[in-house]
Amino acid sequence: MEIDKKRMISSTEALSLKEIPKHLIVIGGGVIGMELGSVYKRLAQKCQLLNMHRVLSPQWMRGWEKNWRRVMKKEKMKFHLGIK
């Protein structure tokens with residue numbers, strides 16, 4: 001997939017959007033993806049996070065990840081884990 005900076009943007013462009021999208025899909029559940037997902041879920045109507053692995057963080061962050069996911073589920077964020 002190619003970043004066209006219109007429909008598909010990088011984290012850099014996500015920080016400088018002029019309008020808040022109604023629906024946003026964050027690809028990648030690393031620290032940047034989780035942070036952007038947190039911000040945009042609170043701003044956008046819909047935000048989904050896609051991740052190739054079944055867990056989002058390295059072993060040493062699992063407690064933090066568990067708490068973050070619980071909070072984001074309350075915010076109605078959708079997670080799609082273990083997909084390619």
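A salt bridge here is a side-chain nitrogen of Lys or Arg within 4 Å of a carboxyl oxygen of Asp or Glu. Keep in mind that this is a predicted model.

Q: How far apart are the closest N and O atoms of E65 and R69?
A: Both residues belong to helix α3, and they are four residues apart, so about one helical turn separates them. E65 counts as buried because its relative accessibility is 4%, with the cut-off for buried at under 20%. The two form a salt bridge, and their closest N and O atoms are apart by 3.3 Å.

Q: How many salt bridges does the structure hold?
A: E65 and R69 form one of them. E13 and K5 meet in another, at 3.6 Å from N to O, and E75 meets R42 at 3.8 Å. The structure holds three.

Q: Is K5, the salt-bridge partner of E13, buried or exposed?
A: Start with E13: its relative accessibility is 17%, so E13 counts as buried. For K5 the value is 56%, and exposed means over 50%. That makes K5 exposed.

Q: How many residues apart are E75 and R42?
A: Their side chains meet in a salt bridge of 3.8 Å, N to O. The pair links distant parts of the chain, with E75 in the loop between α3 and β3 and R42 in helix α2 (residues 31-43). E75 is partly exposed at 31%, and R42 is partly exposed at 48%.

Q: Are the rings of W64 and W68 stacked or edge-to-face?
A: Two numbers describe a pair of aromatic rings: the distance of the centres and the angle of the planes. Centres have to lie within 6.5 Å to pair, and planes under 30 degrees apart count as stacked. For W64 and W68 the centres are 6.4 Å apart and the planes sit at 15°, so the pair is stacked.

Q: What separates W64 and W68 in helix α3?
A: W64 is partly exposed at 45% relative accessibility, while W68 is buried at 9%. Both are in helix α3 (residues 62-74), four residues apart, so what separates them is about one helical turn.

Q: Which residue forms an edge-to-face aromatic pair with W68?
A: The plane angle for this pair is 75°, and over 60 counts as edge-to-face. The centres are 5.7 Å apart. The pair links distant parts of the chain, eleven residues apart, with W68 in helix α3 and its partner in strand β3 (residues 78-81). The partner is F79.

Q: Which residues form one aromatic cluster?
A: W64 pairs with W68, and W68 pairs with F79. The total count of aromatic pairs is two. The cluster is made of W64, W68 and F79.

Q: Which residue has its charged end over the ring of F79?
A: F79 counts as buried because its relative accessibility is 16%. The charged end in question lies 5.3 Å from the ring centre, and the cut-off for sitting over a ring is within 6 Å. The residue is R69.

Q: Which element gives the largest share of the largest nonpolar core?
A: This core has 15 residues, and W68 and F79 are among those with the most contacts inside it. The elements giving two or more residues to the core are β1 (23-27), α2, β2, α3 and β3. The largest share is three residues, and the element is α2.

Q: What joins the side chains of Q48 and H80?
A: Q48 is in strand β2 (residues 46-51) and is buried at 19%. Leaving out residues up to four places away in sequence, Q48 touches several residues, including H23, K78 and H80. What joins the side chains of Q48 and H80 is a polar contact of 2.6 Å.

Q: What distance separates the C-alpha atoms of K66 and I9?
A: K66 is in helix α3 and is exposed at 58%. Along the chain, K66 and I9 are 57 residues apart. Their C-alpha atoms are separated by 27 Å.

Note on methods: Residues are numbered from 1 along each chain as its sequence is written. This is a predicted model: local features need pLDDT of at least 70, side-chain atom pairs count only at pLDDT 80 or more; totals for chains, interfaces and linings use all residues. Side-chain values use heavy atoms; hydrogens and water are left out. Rings of Phe, Tyr and Trp (its six-membered ring) pair if their centres lie within 6.5 Å; planes under 30 degrees apart count as stacked, over 60 as edge-to-face and the rest as tilted. Buried means under 20% relative accessible area, exposed over 50%, partly exposed in between (1.4 Å probe, protein chains only). A charge sits over a ring if NZ of Lys or CZ of Arg is within 6 Å of the ring centre and within 35 degrees of the ring normal. A polar contact is a pair of N or O atoms within 3.5 Å; within protein, one must be able to donate a hydrogen and the other to accept it, and residues adjacent in sequence count only if both atoms are side-chain atoms. Contact means heavy atoms within 4.5 Å. A nonpolar core is a set of buried Ala, Val, Leu, Ile, Met, Phe, Trp, Tyr and Cys residues joined through side-chain atoms within 4.5 Å.
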